[in-house]
Each structure stands twice: as structure tokens, then as C-alpha cells.
2 protein chains.
Amino acid sequence: MNPEIQHSIEQLRAGDPRALARAISAVENRTPGWSDLLKALFPYSGKAGVIGLTGPPGAGKSTLVDQLARHYRKHKRTVGIIAVDPTSPYTGGAILGDRIRMQEHFSDPGIYIRSMATRGSLGGLAQSTADVATVLDASGRDLIMIETVGVGQDEVDVVRLADITVVILVPGTGDDVQTIKAGIMEIADIFVINKSDRDGADRVEREIRALQSLAVRGDNWTPPIVKTVATDGTGVGELAEAIETYESYLKNENLVLKHKIQNWQDRLLEMLREALLERAREQLGDGNLSQYALEIAEHKRDPYTLVEEIAGKVGT
Amino acid sequence: MNPEIQHSIEQLRAGDPRALARAISAVENRTPGWSDLLKALFPYSGKAGVIGLTGPPGAGKSTLVDQLARHYRKHKRTVGIIAVDPTSPYTGGAILGDRIRMQEHFSDPGIYIRSMATRGSLGGLAQSTADVATVLDASGRDLIMIETVGVGQDEVDVVRLADITVVILVPGTGDDVQTIKAGIMEIADIFVINKSDRDGADRVEREIRALQSLAVRGDNWTPPIVKTVATDGTGVGELAEAIETYESYLKNENLVLKHKIQNWQDRLLEMLREALLERAREQLGDGNLSQYALEIAEHKRDPYTLVEEIAGKVGT
């Protein structure tokens, strides 16, 4: 192994937060050497539990995740948090939020928080999030929480790489069920109704129950509904318990490996797609791409035939 | 050309709605022959204007799109609508909504509505939407409207394939700007504040203006803000005018071809990725995929090295 990578990994495994931050940046930004780093880190990974948390904006996810982190710290478990924040260049929310939250936990090296902003569709957000989780996992964290803001396919892709998925809803947003359509309901192992001291919490619960009665899960687990008020910590212990109960269920039913295999099938295909696109881009070259695009825009060339031709060349 | 495809295309070009529906299904579902069909249709495409419309759930997009379609029909222009509905199996919204809307316009062959549900992340929603738009375009529609529900990367990918992008907001959802973070603000050529008779419309307008002052567009177009009440048609004429103004701007600044080239660059890479993934899957075989996933889940194999190996084989 490259001695520089070897050194980074030793520092990272020894708990150096700067080494961890550097490794995460290298993986997130795909800087040269990122895949060698991941190859070297992979053998150390696979020990952490990975919890995905998602829900619509304003559901209080960050506060809940922070409370959950505090809870686990009380039980001496180390925590890594990946906040996937679909921030536009307009708002810069990811970086700002990151700093504020980092500060709050600054005194505790047992909590490491990292924000990731969404990048262009070609970057593969779910992929880089999963890779960052692998780095945190290899660094020896007991638990990794991945929180995403939003309810689209992106979020589904991100959180379904977790071992456990928690979907967080809130009362009073009017069309609660509407906003959580996009495949999110199906992936919930546990539901949380946060801000449950607000009017309408019971209605949200009824709506979830109604949807559940229509759902077909591949197993016989009925996702529990936990009511929380994250701002004062109400229900956080119950949520941790629900997570533990689901973990035990997976173990007792021998589903842990089955889930991991399913996750890796998805990830492998995604990784393969990313690798192939990279090769296709090399093959194509930037100049050729714009030339081809021009010819297609002018209708001098048909894109479907072109793609078949190029795809045929990659790898030869 | 395959005489069967030749025949389908003749029927489709002659305005047969069943031939159109069949062609769209073939393309959407990637049934055998889909790419030959697109190759044959491509030369007939490129004439329609493509308008993308997006915004958060509950913004009244469908109603607005319907009103806009009515407006264009009054001006004798034919319209194709693609409603991209990220429906979960729970709600079945796409199909239901499709039927209801189809019925309403049933008497007018000048409006063709097609719903597309989101599929798994590997299906490439933006890709298949763009291909369906190509079919509608080749069928001779003057205008194609693509509406998406949601504000994630998926929606950005879908609408940015349009010539013109309209972002629809509504007052009173509490955190308006929050819900439209994910890259949507940057892609708007025109903003609509729908349900603008509600309290808070002015606030939404101020928020958009504030965000615009921070934004950097690659051109000197300032996206106008059009206020509408889609349910009674208020502002729909103004929206059509704003769309026309933007079209003229693009023409006058010689940006039409430039935009099309940019779009085709994105699409080509996406198409290439899809084609390569298909080949990778063939190369891999389902049995191998699950075997590999098992070995990785058991940490007997490192996925990063494996992907490099497989990617190296594709196409050889």
C-alpha cells in the first residue's frame, strides 16, 4: 500500500479528527487516490450500525438527530452524523448549519458531524454518502446516523443504504401524506411523529396507520410509530428503544445479512454506473461531447445510434 | 427500417392517439425495439417548444398546466402534457390523476396527457421523460409541457431538459424558500406565485427577489414573477406572455442553439450511463451480482477493487 495512505489510515484509526476530515473530503470530492483509500479502509468497516433518518423540511430532523446522539453518548457509544443537505448555492445552508452544530458538540470528540451538500446529478449523492459512511465506520464509530432533508428519490436512495430507516413526520403541515409520497413511506422501519405536542399528531398517526394497512412489506415487521418532541427530548429514549427492538428483530429473523446483501447489490450497480460513466467521459473527451451535442441539436446526427456506438467502444 | 416500426410511425404522424400511446409505452418501459423506434422518430423531432414546470406538492401545478393548455388551445396550438408523478405504490396517484384529467379533455384531440410514475433510481426518470417528449415532439405537437411534483434532484434533472423552466410557488406553506432549495431556484426562467389571492403572496415575492439578488445566472435574463390563481384562470395569459417573452429573448440573444447543445451534452452523458449500465448488468449477470454482494457483505471482498475489475471488462 501507498505509505501516505497507510499513514492517513493509522491516524484516522487512532481517532485523529483532522485525518478523518481529510479522508472524508477526499472521498466526497473524489480527489485522486480516493478509491485506493476506500479499498484500504474497507476491511475496517462493517462494524457500525447505520441509521438513516429522513422526512420533509421543517420536521425537526437535525434536532432529533442531535438528541439521539446525546442519548447514545450517555450510553458511551461514539456517533458519526452525516447531514445530507440539498443546499443550493443560494442559501449555503449546509456549511452554515454544519458549523453551528459542530460548535455545540465541539467539546465531545465522541460526536463527529459532517454535512454534505447535494451535487450535480452525475456525482451520485447516495454513492458518496455511502462511501463517507464507510470512512466513518472504519474510523471506529459505533453508530452512524445519516439524515437527509427532503422526500424525493435522492433521499430514498440515500437512506436505503442504511441498516435502519426512520421516517420523521410532523402534524399540521396540511398535506402530510402528500409530501411523503415518493417511496419514502415504503422504506420506513420506524415512524416518528415529531412536534407531537402540536394539534393534529393523532391525525398523522391515523394516516400512517391507514397507509400501513395498504402496504406490503417483504417481512412481518410493522413499523412502530414513536411520538417525540425533539426540542425537549420527549420520546427520544423511546425512539432509541424502537431502534434497538428493530435491530433485535433483524438478528432474530436472520435478516441482517440478507439486508446487507440487498444493499450491496444496489450499491454495486451504482458504483459500476459511476465507474462506467467516468470511462465513457474519458473515451468521449470534452471536445467531442460538445461537437456531438451540436450535431444532435442541429439534427445532423441521431443520439440513440451515437450512444450505441460509443458504448460499444468503452473498455476495448 | 423495420416495416412494423415504419407503420407505427406513419400512424403516429397521422395523429392516431393509440399509435402515440403505444409508442410512448414502448419508450417508457424500454420494451424491445424502443431504441430503433426512437432512432426512426428522432428526425421528426426538434420542432416543439418544451416547457418544464415544477414546484412543491400542493402548489397547484396540474391546474395551472391545464389552464395553460386551454390557453394554447384557444390559439390553435396542439399540446402534449407529460405529468411526472413520483407516486408510491401506496397511493397510485399517477394513474388515477391521469384518468381524471384525460376525461376532462377527452373531447379535444389537441391535448394529449400522459402520466409517468417514477421508477427505481436505476431506471433514469429524466432520461425516459426526455425520450417520451421526443415521441410527442415527433408526433407533431406544437408545445410540450412537462410537469413534475417535487423539489429534489430528480425534478431538477427532469425539468432542465426543457427549453423553458417555470417554477411554481405558493404562499402560506410556512417555509417556502426552504422547500425549494435543492437547485430548483437556479433553474427557474420564470417564477409563478400561484394561489396568489392568499395571504403571504407578497412575502413570497420578496423572498424570491431576495434570493435573485444573490444569484448568478450565466446570462442577463432576470426571471419574472407572475402571479396566478389557476383555479379561476387569473394570470394565465400573463404567464403565457412571459413564456413568449423568454422565447423571444433566447432567439434575439442567439441562445436557442447554445441551450440545446448544453441540454444534449447532459442527455448524452445520461444516455451513455444508461447504456453502459445495461451492458454492465449483462456482463455481471444476476447470479453473479448476488454472489458478489454476499462476499462484500461478509467482508470477503472489497467492492472498490471489484467494480474496477468489472468496469474494465465491459465492452471488450
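Tutor: This is a predicted model. Start with helix 12 (residues 256-284) of chain A and helix 12 (residues 256-284) of chain B: their axes come within 9 Å and cross at roughly 125°. That angle makes helix 12 of chain A oblique to helix 12 of chain B.

Student: Is the crossing of helix 12 of chain A with helix 12 of chain B left-handed or right-handed?
Tutor: Right-handed.

Student: And which residues meet there, between helix 12 of chain A and helix 12 of chain B?
Tutor: From helix 12 of chain A, Leu269(A), Leu272(A), Arg273(A), Leu276(A), Leu277(A) and Ala280(A). They meet Leu269(B), Leu272(B), Arg273(B), Leu276(B), Leu277(B) and Ala280(B) in helix 12 of chain B.

Student: What about helix 14 of chain B, at what angle does helix 12 of chain A cross that?
Tutor: Roughly 50°, and the axes of helix 12 of chain A and helix 14 (residues 303-313) of chain B come within 9 Å. Helix 12 of chain A and helix 14 of chain B are therefore oblique to each other. Their crossing is right-handed.

Student: Which residues of helix 14 of chain B does helix 12 of chain A meet?
Tutor: Pro303(B), Val307(B), Glu308(B), Ile310(B) and Ala311(B). On the helix 12 side of chain A, the residues include Trp264(A), Leu268(A), Met271(A) and Arg279(A).

Student: Switching topic. How many helices and strands are in chain A?
Tutor: 14 helices and 7 strands. Of the 316 residues in chain A, buried ones make up 47%. Taking contacts in chain A between residues at least 6 apart in sequence, 75% join residues at least 24 apart.

Student: Which residues have the most contacts inside the largest nonpolar core?
Tutor: Met145(A) and Met145(B), in a core of 174 residues. In soluble globular proteins, nonpolar side chains tend to be buried together.

Student: What is Met145(A) in contact with, leaving aside neighbours within four places in sequence?
Tutor: Ile51(A), Leu53(A), Val65(A), Leu68(A), Ala69(A), Val79(A) and Ile81(A).

Student: Where is Asp142(A) found?
Tutor: In the loop between helix 6 (125-138) and strand 4 (143-149) of chain A. Beyond its neighbours within four places, Asp142(A) is in contact with Ala48(A), Arg77(A) and Thr78(A). Ala48(A) is 94 residues away along the chain, yet its C-alpha atom is 4.8 Å from that of Asp142(A).

Student: So why is Asp142(A) called partly exposed?
Tutor: Because it has 16 other C-beta atoms within 10 Å, whereas a buried residue needs 20 or more and an exposed one has 12 or fewer.

Student: Backbone now. What is the phi of Arg30(A)?
Tutor: Positive, about 55°, although Arg30(A) is not a glycine. Most residues other than glycine have a negative phi. Arg30(A) lies in the loop between helix 2 (17-28) and helix 3 (34-41) of chain A. His299(A) also has a positive phi, of about 60°, and sits in the loop between helix 13 (286-297) and helix 14 (303-313) of chain A.

Terms used: Residues numbered from 1 in each chain as written. Chains lettered and ligands numbered in written order. Predicted model: local features only at pLDDT ≥ 70, side-chain atom pairs only at ≥ 80, totals over all residues. Core = buried A, V, L, I, M, F, W, Y, C linked by C-beta atoms within 7 Å. Contact = placed C-beta atoms within 7 Å. Axes fitted to C-alpha atoms, helices over the stretch in contact; angles between N-to-C directions. Helix = DSSP H or I, 4+ residues; strand = E, 2+ residues; numbered from the N terminus. Parallel < 35°, antiparallel > 145°, perpendicular 65-115°, else oblique. Left-handed = near helix turned anticlockwise from the far one by under 90°.
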